[in-house]
Amino acid sequence: MQTIPIPHVDPLPLPGPVWLFTALLLVVFTLHVAAMNSALGGGIWTLWNYLRGRHSEHPYSRRLANELAQLLPTFLAFTVTLGVAALLFVQVLFGNFLYTSSILIGSLWLAVIPLVMVAYYGFYYFSYTAEKGKGIAGCVLAISVCVLLCIAFIFVNNMTLMLSPGRWLAMYRAHPNGWNLNLGDHSVIPRYLHIINGAIALFSAILAHLGMRKMKADAAYGRWLVQRAALVFAACTGLQFLLGMWLLLAIPREIAMVLLRDPLAGAVFGLSLISVISAMLMILLGSLSEKPSPLVHIGFGMTLVTLLLMVSLRYLLRLAYLKPYVSLGALAVRSQIGVIVLFLILFVGGLATVGYMLWLVARGAKTRVSAMAPR
Amino acid sequence: MLIALVAVLHVFVSHFAVGGGFFLVVTESLARRQNDAVLLDYCKRHSKFFALLTLVFGAISGVGIWFTIGLVSPEATSSLIHTFVWAWAIEWVFFFVEIAAAIIYAKSWDSLSSRDHQIVGWIYFVAAWMSLFVINGILTFMLTPGRWIETQNFWDGMFNPTFLPSLVARTAVSVILAGIFGYITLPRNEGREKVSRWAAMWMMAGAMVLPLSLWWYFSRIPLFSQLYLNGVLIGVRHAVRGGVGFTLMALVIALVCGVWKPRWMRPPVVALLVVCGLGMIGAGEYLREFVRKPWVINQVIYANDIRAAQVEALQAKGVSHTANFLLTGDTAGLAYGENLFQLQCGSCHAASGYRGMRHRVDGWDAAFAADILQHIHMLRGTMPPYAGDEQDRKALGQYLASLNPAWQFNVTDANRLEIGEKVFGARCGHCHTVNGNFRPLRGAFEKETPSQVQEIFPALGAMSSNMPEFNAPDDQAQALAFYISHEANLPISHTAAPTEMPTGSNHSQLLRPAEPRQEVR
């Protein structure tokens, strides 16, 4: 029998402890997914409401599409920015797996770059033209959304392929030029649908949360938004259960069994189910009444907790997949303590700086509103 | 080729992202101090253009470089990541702040007070420059790892010998580009002259610092890189001339159309200016990459992603015993040779196309190709040593020879010289010239007749361990001998080569690039 080829681990020691890289990876990846869901889920929401808002009887849809149009480029900017950090940390821990799978689907993997640019410029174009509601704005947005859907598909292929070293050699021999997809893996399709549906669900929770804030300025519009978002959130979350079950059946049995056998994975899985069900209940209950209640905010918070738990679960399953090939605990470590401390200080400083700028913006908006108010 | 283009465009835009941010915030403060509404309006328009270009193209193409290096040089990327992950993490923090600041700056002209808006602008510039600061450390490390080789200490790698000169040079380039891009949103009527002269001033300021910093940089790079830059290789010479030419042209345009006659600064002239800027960056990046050859990380990893420390084992055991991904089980045939080509040469060469091998190996037979692979690192000083055993070399040689049909000549008196020159190009020209400075043969063959020259051929392989065996068919050998004898006996003034070659580069100096390799082993 031929042994499964895996590129060797880098001879240089890891420049920091595994737990630190893991923690950073989970944090930045969760944020990346939140931003990605805002860009993709937001794109889909915007497109739907833009098309719906072209009829005069749906002024709120039109208004929502115009408001979201201004945010989409920023969502995508942060998807990319946070994605870079996730890519950096995942390379440290799993570089030899990720590089190989990336090479195997290399041509498509590289295509991600121009595709992101197309989607990004499309979002900008839409943000400039949406309000006028004429011309090809809707088409451009639809193209951007489709492109994002393609990018997500390429990512799912790569992220599943890196977990399956057993497929690599045959795939390389079949198409050494990088035109491969990992469709032989039955989990790719359910995983992809799970992610897309999840993006719509998560952004719906964000919208429900935003709708609560909008109610302060315009109660009717805010209520419309909260209730509509809550319904979509509930529907998508229900569908997400079915897709999740499909996904669990599609991944190899011994990997799925980890959820039962490994106490940590089991606990994370159980908690994520509890948190998502409670998020769904809270958002639905909170939004149904004539005056939506703050339960919606708590439901939104629980949705974010679910996201973190799901990302952690994904990580634990990745470890289970790669267990035969790598043991992170066995990697040599030589921590660059001084630089790590410097990074952490700058990280906090960077967040504070961004927070400070947002505070400046909020203060500016407040001054402007009070200056415009009738005396 | 596409990858190189994306990389150059990224460098172009990302340097503008640093300099342009500085330009915007300084211009804004000038406009506000002078209460100049036209200039302020220019800043607003420019910031929108700036955000669209840097946030989208600049940022995404940067990610593109990440994707690309992981595909082309996973070993080197992994090595850089293991050494500098925290540097990249720090750079990412600055990048994150930079993106947030750029979005806010471009969007909040009307909503922020003038003071707050300028604060955001300064935050943007500091974050952008700091990300340049960090990346500059990693980039310069690849050519001059300095004391890191012994200590493997992060700070030694980061603040390596060329860190400072390169940082100054890159900052100067950023300032020049800020001026160049400043013309893109030039006001059509009112304020045109003021903005035009202002942008030209930026270009001049950057251009004054640039030559000094490059000279400083040049003095700190390894000897082999200095030799490349001194003009040993034609490609490098073109790039040096191109870089200097584009920069001078940009400055002339700035002086004439920017300062003297601002109304001449029309879109075609601005486009030309942008092309000059791109040419300047393209030449600079090409040179920076090229003078590092045959390394990707000097003294650690070769350009074909093979570690210097692995070469000896690969030569002893052969690739088939160590490689994970082979397309074929037959480790002697043509398919294996092609596979080896992809593994070991594919980072820089394709069969045809970019740095294509087809025309480079035209006229090689399998045995000659296998033999020359053994001496591949001696060719021009830009190739890494061949990392494989004899069987690997034979298989790869077979593949290289298969790229072209074997040469068949009908040698006559009329075409003998021409065919001889062709054979010389294929068999000798990769390492020698007759009358040039590049390992010249004139000394050995001056006053020799063709038949005397041909008598030496069978002994070539035994003459030096660096020479391949001579095995060309007899008619080619005759033509080659005729050519060498003819050229070596030309009066020296008839030969163009010495004027092409710079003074001071001779055989022994050319061999120096090989030295560090031997030290590592």
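Good morning. From the N terminus on, the elements of chain A run α-α-α-α-α-α-α-α-α-α-α-α. That comes to 12 helices and zero strands, where helices (H or I, at least four residues) and strands (E, at least two) are DSSP runs numbered from the N terminus. Chain A has a radius of gyration of 22 Å, close to the 21 Å that the globule rule gives for 375 residues, so it is as compact as a globular protein of that length. The radius is taken over C-alpha atoms, and the rule is 2.2 Å times the number of residues to the power 0.38.

A word on the source. This is a predicted model, in which local features need pLDDT of at least 70 and side-chain atom pairs count only at pLDDT 80 or more, while totals for chains, interfaces and linings use all residues. Residues are numbered from 1 along each chain as its sequence is written, and chains are lettered from A and ligands numbered from 1 in the order in which they are written.

Along the principal axes, the C-alpha atoms of chain A fill a box of roughly 80 × 45 × 40 Å.

I turn now to the contact between the chains. Chain B gives 47 residues and chain A gives 52, two residues being in contact if their C-beta atoms, placed from the backbone, lie within 7 Å. Which elements of chain B give two or more residues to the side that touches chain A? They are helix H2 (37–72), helix H3 (74–107) and helix H4 (114–143) of chain B. H3(B) provides the largest share of that side, 21 residues.

Within chain A, among contacts between residues at least 6 apart in sequence, 79% join residues at least 24 apart.
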